[in-house]
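This report describes a single protein chain for a reader who is new to structural analysis. Please look at the sequence and the structure below before reading on.

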Amino acid sequence: MRTGKAKYLQTAAYIMLILVFVLVIGIARNCGRGSSAPLEGNSGGDTLDIALIYGPSSFYMYGDSLAGINHDIALEFERQTGTPIRFWPVTEPGDALAKLETGTYDILASMPLDNILKERFLTSESVFLDRLVLVQLEDTLKGSPAVKSSLDLDGKKVTVASGSSAANRLDNLAEEIGGKIYIETSPEMSDELLCLQVASGSVPLAVVNERVAREVAKKYPGLGFNNTVSFTQFQVWVFNPIDTLNCRKFNTWFNSFQSSPIYNQILEKY
């Protein structure tokens, strides 16, 4: 039987592999482009700099190739509209939103739509659906009360990614249950990395998107994600607040694309 220490080391190694992969992808994007190539974003010209949140439902390494819902949709947008794009993998939604606001990136794909996001940025039509779930280690909760419902979150500390709508949802949930939920924001963790932290036992509870939790749980069966924290949410692409041209261009294209067989194939694939 694998020991708890072995599981922790395996998870830690997996986290490091993800971070190294994202770093290598970023470096590779800039190799061979000359000394004038931007270190991050700001490609200029007609090129759209798209920040893709690294995770199973967005941008991921499947076998020996890159894929994901947002990744594949972006490639179709480039192919069908002739718009040159450049990918920038990101693991910190909060940092990516800040860089989107200052113009380093043109688009961030994707985020769950909420009122705070709509007030701060321009957003696309709903690209796909997801919802927030609570992740916890089910096999380590024997002998202690598991979080079986939202009511059990009263007095608990829950970790969320920086910039995630999960923090706002948990604040509202605390009011609904008439209790207190202690929210810890992790500025260096994406949803996937948070799941891995829970799997390693470093973080007791976290709230992430269900698609991410479902994929991570395939490798870590002890990771539970059956407690939903939100209703189904619209996942949208986020645009710089003054970039009405590209936002309108994408929405016009996507309104047609979502009725195509290719779009349905992408959703079924992931």
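## Ser186 and its contacts

Apart from neighbours within four places in sequence, Ser186 is in contact with Thr159, Val160, Ala161, Ser162 and Leu194, where contact means heavy atoms within 4.5 Å. Ser186 belongs to strand E9 (residues 182–186). Helices (H or I, at least four residues) and strands (E, at least two) are DSSP runs, numbered from the N terminus. Ser186 is buried, with a relative accessible area of 13%; buried means under 20% relative accessible area, exposed over 50%, and partly exposed in between (1.4 Å probe, protein chains only).

## Basis of the description

The model is predicted: local features need pLDDT of at least 70 and side-chain atom pairs count only at pLDDT 80 or more, whereas totals for chains, interfaces and linings use all residues. Residues are numbered from 1 along each chain as its sequence is written, and side-chain values use heavy atoms, with hydrogens and water left out.

## The chain as a whole

The protein chain has nine helices and 12 strands. Of its 270 residues, 51% count as buried. Among contacts between residues at least 6 apart in sequence, 76% join residues at least 24 apart.

Glu192 lies in helix H6 and is buried, with a relative accessible area of 1%.

## The cavity

The structure holds one cavity of 30 Å³ or more. On a 1 Å grid over the protein atoms alone, a cavity is a set of points where a 1.4 Å probe fits but cannot get out, and lining residues have an atom within 4 Å of a point. Grid points are joined across faces, edges and corners, and a volume is the space filled by probe spheres set on the points.

The largest cavity has a volume of about 220 Å³. Of the 20 residues that line it, Ile53, Ser110, Asp191, Asn209 and Val212 are the closest to its centre. Strand E5 (107–112) and helix H6 (191–200) each supply at least two lining residues, and the largest share, three residues, comes from E5. Ser110 is located in E5, and the peptide bond from Ala109 to Ser110 is cis, with omega near -10 degrees.

Helix H2 (residues 69–81) has 13 residues; at 1.5 Å a residue they should span 18 Å, and the end C-alpha atoms are 18 Å apart, which agrees. The expected span is 1.5 Å times one less than the number of residues. The buried residues of H2 include Ile69, Ile73 and Phe77. Just after H2, Gly82 takes a positive phi of about 75 degrees.

In helix H3 (residues 93–102), the buried residues are Pro93, Gly94, Ala96, Leu97 and Leu100. They lie on the same side of H3, because they cover an arc of only 160 degrees around the axis, the arc being that of the directions from the helix axis to the C-beta atoms. The buried residues of H3 pack against several elements, among them strand E1 (48–53), E5 and helix H4 (115–120). Gly103, which follows H3, has a positive phi near 95 degrees.

## Asn42 in a loop

Asn42 is found in the loop between helix H1 (4–30) and E1. Although Asn42 is not a glycine, it has a positive phi of about 50 degrees. At 49% relative accessibility, Asn42 counts as partly exposed.

Terms used. 1 Å grid on protein atoms, 1.4 Å probe; cavity = no way out; pocket = protein on both sides within 12 Å on 5 of 7 lines; lining within 4 Å.
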